[in-house]
Amino acid sequence: MNRSTTSLIHHSAMEVDTFPAMPENIWLDIFGYLTLREKAKVTSTCRIWHRILSDPSLYTHITLDGMEFNTLVQCMQQLCRLAPRIKSFRISHCFSHFISKTTVPVQNTSIMHHFPQQPGMHSLYSHITSFTLPRRREEYRKLGFTLHQDFSRALVRLMEQGQDTIKRLEIQDNFLDLEMTELIFCIVRHGRHLEHLLYDGNHDGGFVAPEVVSAITAACPNIQSFRGQHAISDTVLRRMMTGWEDLKSVTLAPYPSPTMGTKEVSQEGLWSLLECGKVESLELLDLACVTNENIRNMMLRVKHMEATSVVGLGLGLDRSLPLSPLGGSHPFAHLASRFPSLTTSDESSLSLPEARSLPGASVRHLTLTKYTSTPLTLPGFGALLKLFPNLRTLKYATNFFTYDRHFQGLTKEIYEEEIRLVERMVQAEMLDRMGPSPASSPVPLPPHMEQQSQFPFVSSPSNWKGEWHQPITEEQRLRAGTMRSA
């Protein structure tokens, strides 16, 4: 312990009696376990702790969670004064009462043209976040709301101070209208050393333009994980695979296009991603190209590559893929007896490759969602497990409305039977790959399924999660309303 530290600790009798004279590095270790909120409270205890807690080394991993917008900005401004060398920065579940409650009058619309304002008439109002960026910027200016500018200045300064050290940036589940901030500029200007970037669930369209994602790709060459629903087209995806040599984790999802409605990665784009052999964690959120047929076709391409390459010489072929009696012509052909309209034809078989360094073999963690696009059925899951032979975790989320919309004649009884068949097949395959898991627990079945089941109870491995009864999404409600009106 040096002399200066000793003199500070013994600065007053009260402080000597209250706090033991320990080396400053031990205090730093102790304070390192405190959250940011706890540090803010403790810093007012005494002058010694205030000085120790001003050490920038205590603020390398920052999490700002559940704060009102004004409080969030104040915390960021205080952090700027400490000049920390941030390694990871996370903002989550923050909100603004002002933004959530503010509505503004609708102006210059066709409705207002046909129904001009008359004395005594009420104006039409809409939430402020529903307008275009220029209109929102003007309305915030009129209302004197400046927190977006304050947030931008603080974020620019923090990113600038930590531009050589920051590796992880996560902004998730906030309601702050962050499109009005300079977030993209901060990432492009000061995020060269970023390795993990997550921006999702912030009540906007993510990085809504392919040009934005392309700019991030060029400015941040060290990205390993890129999560969130962003505007990733086939062209952007190719740039990502070329520019991000260490890319291991990515999310692909549909995104709004000003000229074409909704766009997304094509089957060939997805295939090129699998073909690069780098991605280990993959989220495919409601992609139209992920269907029984397309997955089977990609699996067949892998089989062909294996059969025509040196890798495939001398390998035995597996014929265990569950295919439908109709050769895959109908997604529920394996339940043909439940569909009177289906007829049975000769059963077809398919020879499958063993796992090698082929497209899909690098993927270890896979998440699929299906709400508006065509969902998977048993044959699709069988091909999926063959396409990704080294999966360690698999998650699938959907609901009955998705299947009911795409498959005529489907009933809830057929849906529950399909769930049972898929669960049994996937659980057996995942357990066979990974072995029994200590965290395995029985999957509760509905009472009518327990009574009808002729099979022993199968435990659910922790590496498989089927969420079959998710709430109906807003997009599903809108589409249902459009179909009824038509």
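Helix H6, residues 69-82, packs against helix H10, residues 147-161, at an angle of about 30°, and their axes are 9 Å apart. Helices here are DSSP runs of H or I with at least four residues, strands are runs of E with at least two, and both are numbered from the N terminus. Axes are lines fitted to C-alpha atoms, for helices over the stretch in contact, and angles run from 0 to 180 degrees between N-to-C directions. The angle makes H6 roughly parallel to H10, a term for angles under 35 degrees, where over 145 is roughly antiparallel, 65 to 115 roughly perpendicular and the rest oblique.

Before I continue, a word on the source. This is a predicted model, in which local features need pLDDT of at least 70 and side-chain atom pairs count only at pLDDT 80 or more, while totals for chains, interfaces and linings use all residues. Residues are numbered from 1 along each chain as its sequence is written, and side-chain values use heavy atoms, with hydrogens and water left out.

To return to the pair, H6 passes H10 in a left-handed crossing; that is, the near helix is turned anticlockwise from the far one by less than a right angle, whereas clockwise would be right-handed. On the H6 side, the residues that meet H10 include Phe 69, Leu 72, Val 73, Met 76 and Cys 80. Among their counterparts in H10 are Leu 147, Phe 151, Ala 154, Leu 155 and Leu 158. By class, the contact of H6 with H10 has 11 nonpolar, 4 polar and 2 charged residues. In this scheme Ala, Val, Leu, Ile, Met, Phe, Trp, Tyr, Cys and Pro are nonpolar, Asp, Glu, Lys and Arg are charged, and the others, Gly among them, are polar.

The secondary structure of the protein comes to 20 helices and 16 strands. Of its 486 residues, 43% count as buried, meaning under 20% relative accessible area, with exposed over 50% and partly exposed in between, for a 1.4 Å probe and protein chains only. Contact means heavy atoms within 4.5 Å. Among contacts between residues at least 6 apart in sequence, 74% join residues at least 24 apart.

Why can H16 be called largely enclosed by the rest of the structure? The reason is that 9 of its 10 residues are buried. Leu 378, Phe 381 and Leu 384 are among those buried residues. Their cover includes helix H14 (267-275), H15, helix H18 (412-434), and the strands S12 (365-369), S13 (393-397) and S16 (464-467).

One of these covering elements, H15 (residues 292-307), packs with H16 at an angle of about 30°, the axes being 9 Å apart. The crossing of H15 and H16 is left-handed. From H15, residues including Ile 295, Met 298, Met 299 and Val 302 meet residues of H16, among them Pro 379, Ala 383 and Leu 387. The contact of H15 with H16 holds 8 nonpolar, 2 polar and 2 charged residues.

Within H16, which spans residues 378-387, we find Leu 385. Leu 385 is buried, at 4% relative accessibility. Which residues does Leu 385 contact, leaving aside its neighbours within four places in sequence? They are Leu 391, Leu 394, Met 425, Val 426, Glu 429, Met 430 and Arg 433. The C-alpha atom of Leu 385 is separated by 9.8 Å from that of Gly 360, 25 residues apart along the chain.

Asp 173 and Asp 177 lie in the loop between strand S5 (168-172) and helix H11 (183-190). Asp 173 is not a glycine, yet has a positive phi of about 60°. Asp 177, likewise other than glycine, has a positive phi near 55°.

In another loop, between helix H5 (47-52) and strand S1 (61-65), sits Thr 60. Thr 60 counts as buried at 17% relative accessibility. Beyond its neighbours within four places in sequence, Thr 60 is in contact with Arg 85, Ile 86, Lys 87 and Ser 88.

Finally, the cysteines. How many disulfides does a search of the whole structure find? The search finds 0, a disulfide being a pair of cysteine sulfur atoms within 2.5 Å. The sulfur of Cys 75 has its closest cysteine sulfur in Cys 94, 8.8 Å away, which is too far for a bond. Cys 75 is partly exposed, with a relative accessible area of 22%, while Cys 289 is buried, with 8%.
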